[in-house]
Amino acid sequence: MFSFIVSRLLQALPVMLVVSFISFAMFAYVGDPVAIMLGQDFTEAQRQALITDLGLDKPFFVQFLSFLGNAAQGEFGLSYRLSRPVAELIAERAPATLELALCAAIVALAVGVPMGVYTGLYRNSWLSRFFLTFSLVGVSLPTFLIGILLILTFSVWLGWLPSFGRGDVVRLGWWSTGFLTWGGLKALILPAITLGLFQLTLIMRLVRSEMMEVLRTDYIKFARARGLPNRAVHFGHALKNTLVPVITIAGLQLGAIIAFAIVTETVFQWPGMGLLFIQSVGSADIPVMAAYLMMIALVFVTINLVVDLLYYAVDPRLRIGRGKGH
Amino acid sequence: MRAFFQSDLWWSFTRSPVTVASAIVAFICIAGAVLAPVLAPHNPFDLASLQLMDAFKPPVWGSEGDATYPLGTDDQGRDMLSAIMYGARVSLLVGFCAVIFSTTLGVALGLLAGYLGGKVDAVLMRIADIQLTFPSILVALLVDGVVRAALPRETHDQIALFVVIFAIGISNWPQFARTVRGSTLVERNKEYVQAARVIGLPSLKIMAQHVLPNVMSPVLVIATLNLGFAILAEATLSFLGVGVPPTQPSLGTLIRIGNDFLFSGEWWITIFPGVALIIMVLSVNLLGDWLRDALNPKLR
Amino acid sequence: MMRRMMLAAAMLLGLGMAADALAQARVVRWAASGDPNTLDPHSQNVGTVSMVLRQIYDPLIARNQRLGLEPGLALSWTQVEPNRWRFVLRQGVKFHEGEDFSAEDVVFSITRALAPTSNFGIFVDTIERAEAVDRFTVDIVTKTVDPILPNKLASIFMVSKGWSERHNATRPQNTRQREEMHTVRNTNGTGAFRMTAREPDVRTVLSRNPDWWGWREAGNVGNVTEIQFRPIASDATRVAALLSGEVDFVLDPPIQDLNRLRNAPNTRVVEGPEVRTLFIAMDTFRDELLYSDVRGRNPLRDLRVRQALYHAIDIAAIQRTIMRGQSVPTGTLFPEQVQGFVREEDVRLPFDAARARALLAEAGYPKGFEITLDCSNNRYVNDEQICQAIAAMWARVGVRTRLNSMPIAPFFAKIQRDDTSIFMLGWGVPTLDGLYSFQSLLATRNGAQGDGIWNHGRYSNPQMDALVQRMKTQQGAERQAAMREALRLYREDVPHIPLHHQVVPWAMRSNIQMPHMANNEPQFRWAVVN
C-alpha cells in the first residue's frame, strides 16, 4: 500500500512540473503587463524601471526557476492587474467555483442517474427515446449557448431567476457561501444547470449502458429466477452494481466541471476562479493565470490519486489498467 | 458494394428512420460545406465585395428582406447563408482533421502498446491515463496557448487552423489508444497472429495487416462520436476567442459574433449559425449512436 | 433574563432602523464592463478607476454638469504671478474618517501626484512645488507659465496627509513593490459618497456621506443613499440584468441593444457626445513599412496615399450601420468641448472611391498595395467592426488590407513598440484642452515628459513642434491662434485619418434621473431616484 502511494505520488510530480512549466511558458510572451500597468501617460524611464522591477529583463529560465521556487511555497506574487497577492485572490474566488461545481455535480447525478436507470430498464419506451434524444441535443449544444438561452428565458422573459452573479452571500470565516440565503440559492440554479447538463447526459448514458449490461448477467437472471420482485432486482442488485463505475466517472468528471466552469462563469459573471482566469487572460496577468493552471492541475492530480487509492482499497487487482475509461 | 447492402449494418440502418434522416441531413451539411465555393450565393471572404450599406438586412421573408441575401446579412453586410456555408466548411475541416489526427495517433500507439506490451505498454498507458484526467477542452486550451506563445504573432493567422486541429486532436488520442490496446491484447493471442509470428513476419507487418483490420470497428464508432465533440470544441475555443482567426470565421466564430445581437432584434445573426451547428452536430451524433449500437451486438 | 430583554430591545431597534432605512433607501445598482484595478487616487489614469473614485474624492477644482470648471475644495483660484497660482480653500471640510481638510493636505496631494510612481504626470508636469500660505491658502508654483493649470487640476484628487502617513501610503501605489498598499483597497476622501464595502471584480458599495459640503450648495438635489457597483464584462449579460431589473444603471450598454432598451417599459437611454475621438494613425517614419508588400519605399510617407486612404472611407455608412447613429463623424483631432476647437477645420475629405484610386495611381500604386491594419477589439465602441468595415472599403480601392485585431493588452504593447504600419486609436482629452492631444499624439518624441508619447506613427513636423511649444507657454488669443494653425496643419498634412467622436449612451431604469457627462463619468451626487 505504502509503496503504491509513493509510486503514484512520484508519477504526479513530473505532471505538476510539466504543467507549471507550461503555465509559465504559455503566457510569457502574450500581452505586455508593462503597457497595462503604465496606463496612458508615462516616460520611457518609468517603463524601463518597471521592466527591471518586475524581473522581465532576466532570461526566461531564471524567471521560471524563481517562479517555481515561489510556487512551491504557495507564493505567486502580486497580480499585475489588481496589485494583490495571487494566493489571496484565488482563495477568495475558490468558494464560488467549488459551490457551483458541487451543485452542477448534484444536478447531474440527481437527474442523470434516475434517467439512466429508467432508459436502461425500459429501453424501447416512448419516454426513453425522448430522454435519449434530449441527451443528444444536450450534448450537441455548446455550453455558452445553453447559458444564454436560459438567461433569455428565465431572467428576461419570465423574470424568475437572476441572470448574473452569486446573489447574497454569507461569510463564514474565509469561506463565502450562497447556500444560506434565498437570493444566493436562486442565483445558483441557472449556472448549475448550464454547467451540469453535459455531465448529466454523460452520466445518464453511462448508467443506461451499465444497467443494460448488468441486467444480462447471470446473477440477475438468477435473482429473477428466485422470484424476487422487479423492484428488488433493479435497485437492490442491478443499480448497486452499476454505481461503482458511475461514482468513479463522476469523481473524475468533477475536474471537467471545474474546467468547464470557465465558460459558464463567463456567461453568468459568476465571480469564481474561471472568471478570474478569463479576466486575467484579457489583461495578460501572468501570475494569476499561472497560479490558476497549477491549481487546476493540482486538483486533477489529487482527484486522480484519490480515485486510484479508492480502487486500490476496493480491489487490488485493478491496480494496473483501471476498469472502464471514458 | 453488394455485400454491403446485404449486410446486417445496412439492414439495421434502413430499419431506423431517425438514422436515415440524420444521415441525409449530415450529407446535406457536408455537401453544402464542401461545395460552398460553388453553391454559396456570395463569397464572404472577398472584402472588396462587401457593401456596408447592405448590413443588417433581415431574411428574405422579412419585411425588408432582399432576395440576394436569403438568410439576411450581418453587421458588415455579409450574406448569412454564404457565411454559414463557408463557416461550416471551416468547422468540418477542423473537425475531420482533428479526428483523423487523433485516430491515427491513438490507433498507432494503442497497437504498439497492446502488441508489444511490457514497458512500452506501461509508459504509453500511464501517459494516456494522466491525459484522460484532464478535460480535453483544457488540454486544447493549453496546447493552443503554448503554440501561440511560442510562435510570433504575425504567423498566427496562417497557422491558427493547424494549431486548433492539433490542439483538439492531441487532446483525444487516449480514447482511441485504450480501445485499440484492449482489442489488440485479445487479438494478439489468437491463432492467426500466433501463426503469422511463427512464419517470421515482422511485427510491424503483423500489426498493420493482421491485427489492425480486426480492431477497427470500435474505432469507427469512437471516431464518429468524436467528430461531434471536435466540432463543438472548435466552437468553444472560437467562442473564447482562441480558435480560428476572425478572417476565416467558423460556425463558432459566427455564434460568438451573433451573441452580441441577442437582444437587438437582428435575431437572424444569432439564430442561424447556432441552428446550423446544432443540426450538424446532432446528425453526426445520432449517426455515431446508431453505429455504436449496430456494431455492438451485445446491446441488441 | 436581563440579557434576553436587552437582546430583544436590540432586535427591535435593529428592525426599526432597518424599516426606517428601507423607507428612505435610494439604492442605485450600477453595472459597467470593467472594474477599477486599484483605488489609489494617484496611481492609474484610466477611466474605470476615476469613474468610481470621482464619487469618493474631490479635486480642488470640480467640473459642473457641462464640464465647465467650478469650485471644488478650492473656493477661488487666481494667477497671482505668471508662475504662481493661489488657491483659497473651503473651510470646515472633513474627510470620511474624520480628519479636517486643510492646506497641508493639498500640498501633500500635489506632491504625491508628482511622485515617480504616479500615473498623473501629464496633469502636474509643469508644477514646481506647492506651498501652504496659511491654513486655508495654497500657492502652486509652476516651472513655466501654464495657462491651463486649473483644467489639469480638475483631475487631481485630494487625500488626507495624516491618513496616508498613518497607513504608509505617502506615495502612489507602486505596482512593483511586492507588498499591497493600503490605498489599493481603501479610500478616505471628502466626497459625496464613502466606500463601505469592496470586493474586487465582484462588488463595490458606496454610501452617501451626509456631511459632504456640497449637499448644502444649490443644484445638488441628488437623493441617492447607496451605490452598489458591479462589473459585468459580458455585453449580453449586462443588458439582460438591466432588462430583468437586477441593475438600475448601465454605463456602457452595447449600441446594438439601445433600441430594445429605449422601447422596454422600464428602461431608458440618455446619450451625449463623449470627448473621445477615433482615428487611424500611420507610420510616416520608416523608409519601408514593416507590414506591407511595398519594398524599398514607404507609401504612407506620400501625402497622396494618405489622402487616398482617407477618401476611400465612407464614414456615413459606418455611422449608420456599425455605430447605429451613435457617433459624430469628424475631420479634426478633438470635439467641440475641447478648448482650441475650430469649427472651420472640422471638415472631412469627402468619400470618393474614384478619387482615391486616382490618387493611388498618381502616387505610383495603380494596382494598390497590401497592408496590415492593427486594431483593438475590446476598447472602443465596436472597434473591431469599424476596422473590418475600413478594411473592406480600402480593399475596394485596391489597398488589400489584412486586419490584425486583438485585445487591448497586446494591442497597446504592440503599438508602443512602434511595431505597426497603420492602426486605429481612440483618444480622450481629460483636460478638455487641445494641447493634451497635440503634445501626446503629434509632437516629435524627444524624451521629454508627455511629448509624442503616443505618437506611434512617429509623425514629425518641425512646424507642428513649434506650434506645440507655443501652446505650452502662450496665453489668450496667441495661444488660440497656435491651436488654429495646428489644426489647419493637421487637416492638410493628414498625419491621421480622423473617423468620429464617440457618442456614449447610458442606460438606466426609468425611475432614475441623471445628467449625462461628456467625460463618461457618471456623478451620482446629481442622480435622483424616484
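Analyst: In chain C, strand β6 (residues 127-134) pairs with β7 in the antiparallel sense, over 6 bridges. Two strands count as paired if DSSP finds at least two bridges between them. Strands themselves are DSSP runs (E, at least two residues), helices are runs of H or I with at least four residues, and both are numbered from the N terminus. This is a predicted model, in which local features need pLDDT of at least 70, side-chain atom pairs count only at pLDDT 80 or more, and totals for chains, interfaces and linings use all residues. Residues are numbered from 1 along each chain as its sequence is written, while chains are lettered from A and ligands numbered from 1 in the order in which they are written.

Stay with β6(C) and β7(C). They form a hairpin, with 2 residues between them. C:Arg129 stands opposite C:Val141 in β7(C). Another partner of β7(C) is strand β5 (residues 84-89) of chain C; these two run antiparallel and are joined by 5 bridges. Here C:Trp85 stands opposite C:Ile140.

Now look at the faces of β7(C), which spans residues 137-142. C:Val138, C:Ile140 and C:Thr142 make up the covered face. C:Thr137, C:Asp139 and C:Val141 make up the uncovered one. So C:Ile140, the residue opposite C:Trp85, belongs to the covered face, by the burial scale used here: a residue is buried if 20 or more other C-beta atoms lie within 10 Å of its own, exposed if 12 or fewer, and partly exposed in between, with C-beta atoms placed from the backbone. C:Val141, opposite C:Arg129, belongs to the uncovered face.

Next, the domains. Chain C is divided into domain 1 (37-187) and domain 2 (273-504); such bounds come from an automatic or database domain assignment. The centres of the two domains, taken over C-alpha atoms, are separated by 33 Å. Domain 1 of chain C gives 11 residues to the contact, and domain 2 of chain C gives 12. Two residues are in contact if their C-beta atoms, placed from the backbone, lie within 7 Å. On the domain 1 side, the elements that give two or more residues are α4 (121-124) and α5 (149-153) of chain C.

Chain C has another strand pair to compare. Strand β14 (residues 370-376) and β15 (residues 400-406) run parallel, and 7 bridges join them. C:Asp374 has C:Asn404 in β15(C) as its bridge partner. From β14(C), the chain crosses through helix α13 (residues 383-396) to β15(C), and this β-α-β crossover is right-handed. That term applies if, with the strands pointing away from the viewer, the path from the first strand over the helix to the second runs clockwise. β15(C) is mostly covered, with 5 of its 7 residues buried.

Finally, a helix in chain B. α9 covers residues 173-188. Its 16 residues reach 21 Å from first C-alpha to last, close to the 22 Å expected at 1.5 Å a residue. The expected span is 1.5 Å times one less than the number of residues. α9(B) is largely enclosed by the rest of the structure, because 12 of its 16 residues are buried. Among them are B:Trp173, B:Phe176 and B:Val180.
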